[in-house]
Amino acid sequence: MWKGNSPGGNQGAAMEGTGGELGGQGNWGLADAPGLLAKASLPLMLPWPLPLVSSALTLLLGALTSLFLWYCYRLGSQDMQALGAGSQAGGVSGGPGGCSEAGRPSLRGSGEPGEGPRTEGLVSRRLRAYARRYSWAGMGRVRRAAQGGPGPGGGPGVLGIQRPGLLFLPDLPSVPFVPRDAQRHDVELLESSFPAILRDFGAVSWDFSGTTPLPRGWSPPLAPGCYQLLLYQAGRCQPSNCRRCPGAYRALRGLRSFMSANTFGNAGFSVLLPGARLESRCGPTNARVRCHLGLKIPPGCELVVGGEPQCWAEGHCLLVDDSFLHTVAHNGSPEDGPRVVFIVDLWHPNVAGAERQALDFVFTPDP
């Protein structure tokens, strides 16, 4: 047994006082252990009653749950409104009465099958499926495009000279002719491949007389005097044509912004015979830029986009926003021969990477 007194008097008194608080006496021993343990096991007294704390936590959890459910309701309501607007609007195609998909000799008309979804409702559903799989981050413009319709302000023809037939991406800088520096890498690559692409055209070319059956790989004319051979059609590779044009295919594989996995993406040779003309039309979207590499440019050829005239040059690229109203014509003589350009659809330089990924998902080519 240890006695809580010490020779120092004051120290002994302090120890005995402490012993008195814990065990009621100043002398501690093994017999006092059960009492000490009982005292130590007394419950901790909280500054607030336990039922009050529990009620506060329950109220806080309920408020957070209600806030989350309200947010989900608002998000779903907005999507349903967009889906309803798309269902009422129906399909937006670019047939003869509206704006067709391509300009110049186009690589594919928006009224043709396979160009992409035809209703805003379908675009909204696919966009929501993309967001569920990935995220809404960076999707502000794409979501507004799906909700607001194909043109600025929710309908086609608001700007007059820019009327994309299917998808209008808002707040996207748009000019009829895009500066070369906007796609410097791809422009320089195509221009350096000019000799190889021209040789490929010579290997697949024919007399374009129209009196003989179309050679293998050539598509039926879009209009009298307008022919095309596509390496990519609506985002799908055409293997047989790519094998026949190895130089052009190699150049396409090296491009950074080619829309190769999107129904808006086409690439191939476009031929316009003397006297042929394509009247005013618009492309399906302002999210792309069409790159024209001049291969054979005789006198008298003209391209007018958004009221601005331009002409091609052999071995040089011309970047065109074909969502603007445009016409193309070959006013030369029969002796001048056809106008030939190699056309590639590139992403608009101001469409962000996240937006490209989402649009590739929404407008993925049909299997």
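The stops below cover nonpolar cores, a central strand and an open sheet in this predicted model.

Begin by selecting Phe269 and Phe342, the residues with the most contacts inside the largest nonpolar core, which has 35 residues. Next, colour the elements that give two or more residues to this core: helices H6 (184-192), H7 (194-204) and H9 (246-253), together with strands E5 (226-233), E7 (267-272), E9 (288-296), E12 (317-320) and E14 (339-347). Another core, of 20 residues, lies apart from it; Val123, Leu166, Leu169 and Phe363 are among its members.

Return to Phe269 and display its surroundings. Leaving aside residues up to four places away in sequence, Phe269 touches, among others, Ile197, Phe201, Tyr227, Leu295 and Phe342. The contacts of Phe269 also include Asp200 and Gln228.

Now select strand E12. Cys317 and Leu319 point one way from E12, Leu318 and Val320 point the other way, and all are buried. E12 pairs with strand E3 (residues 177-178) in the antiparallel sense over two bridges, and there Val178 stands opposite Leu319. E12 also pairs with E9, again antiparallel, over four bridges; in that pairing Arg290 stands opposite Val320.

Finally, select the open sheet of four strands, whose order is E8-E13-E10-E11 with antiparallel pairing. Which strands stand at the edges? They are E8 (277-281) and E11 (308-310); each has a single partner strand, so one side of each is left without a neighbour in the sheet. From one strand to the next, the twist averages 15°. To close, zoom in on E10 (residues 301-305) and E11, which are joined by three bridges; Val305 has Glu308 in E11 as its bridge partner.

Technical notes: Residues numbered from 1 in each chain as written. Predicted model: local features only at pLDDT ≥ 70, side-chain atom pairs only at ≥ 80, totals over all residues. Heavy atoms only, no water. Core = buried A, V, L, I, M, F, W, Y, C linked by side-chain atoms within 4.5 Å. Buried < 20%, exposed > 50% of the residue type's maximum accessible area, 1.4 Å probe, protein only. Contact = heavy atoms within 4.5 Å. Pairing = 2+ DSSP bridges. Axes fitted to C-alpha atoms, helices over the stretch in contact; angles between N-to-C directions.
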